Amino acid sequence: MPLIEISGYGFSAEQKRNISREVVDVISKISGKDKKLFVVVFRDIKSEDWAMAGE
């Protein structure tokens, strides 16, 4: 079973559904695997738990 993990923050439930649908469509087409096999996991990271450019 292909597992796709997406980390980030600030996505609404609707955005997560749309992102999941689009990502699975693309990877399914490229890999030739059935969309029904894919699992997408969203990991919400609080903004204070990450830094960009050392900031």
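1. Val40 touches Ile4, Ile6, Ser20 and Val24, leaving out residues up to four places away in sequence. Contact here means heavy atoms within 4.5 Å. Val40 lies in strand S2. Helices (H or I, at least four residues) and strands (E, at least two) are DSSP runs, numbered from the N terminus. The C-alpha atoms of Val40 and Val24 are separated by 8.1 Å, and the two residues are 16 residues apart along the chain.

2. A word on the source. This is a predicted model, in which local features need pLDDT of at least 70 and side-chain atom pairs count only at pLDDT 80 or more, while totals for chains, interfaces and linings use all residues. Residues are numbered from 1 along each chain as its sequence is written, and side-chain values use heavy atoms, with hydrogens and water left out.

3. Now take Ile4, one of the residues that Val40 touches. Ile4 sits in strand S1, residues 3-8. From C-alpha to C-alpha, Ile4 and Val40 are 4.7 Å apart in space, yet 36 residues apart in sequence. Is Ile4 buried or exposed? Ile4 counts as buried because its relative accessible area is 12%. The cut-offs are under 20% for buried and over 50% for exposed, with partly exposed in between (1.4 Å probe, protein chains only). Setting aside neighbours within four places in sequence, Ile4 is in contact with Val23, Val24, Ile27, Phe38, Val39, Val40 and Val41.

4. Next, Lys16. This residue is found in helix H1, residues 13-31. Which side chain makes a polar contact with the side chain of Lys16? The partner is Asp44, at 2.9 Å. A polar contact is a pair of N or O atoms within 3.5 Å; within protein, one must be able to donate a hydrogen and the other to accept it, and residues adjacent in sequence count only if both atoms are side-chain atoms. Lys16 also touches Phe11 and Phe42, besides Asp44, not counting residues up to four places away in sequence.

5. Check Ala53. Its place is in the segment after strand S2 (39-44). Phi of Ala53 is near 55 degrees, a positive value in a residue other than glycine. Most residues other than glycine have a negative phi. Ala53 counts as exposed because its relative accessibility is 81%.

6. Step back to the whole chain. The protein chain has one helix and two strands. Along the sequence they follow the pattern β-α-β. Of the 55 residues, 18% count as buried. Among contacts with a separation of 6 or more, 61% come from residues 24 or more positions apart.

7. Last, the overall dimensions. The C-alpha trace spans about 40 × 25 × 15 Å along its principal axes. The radius of gyration of the protein chain is 14 Å, whereas a compact globule of 55 residues would have one near 10 Å. That radius is taken over C-alpha atoms, and the globule rule is 2.2 Å times the number of residues to the power 0.38.
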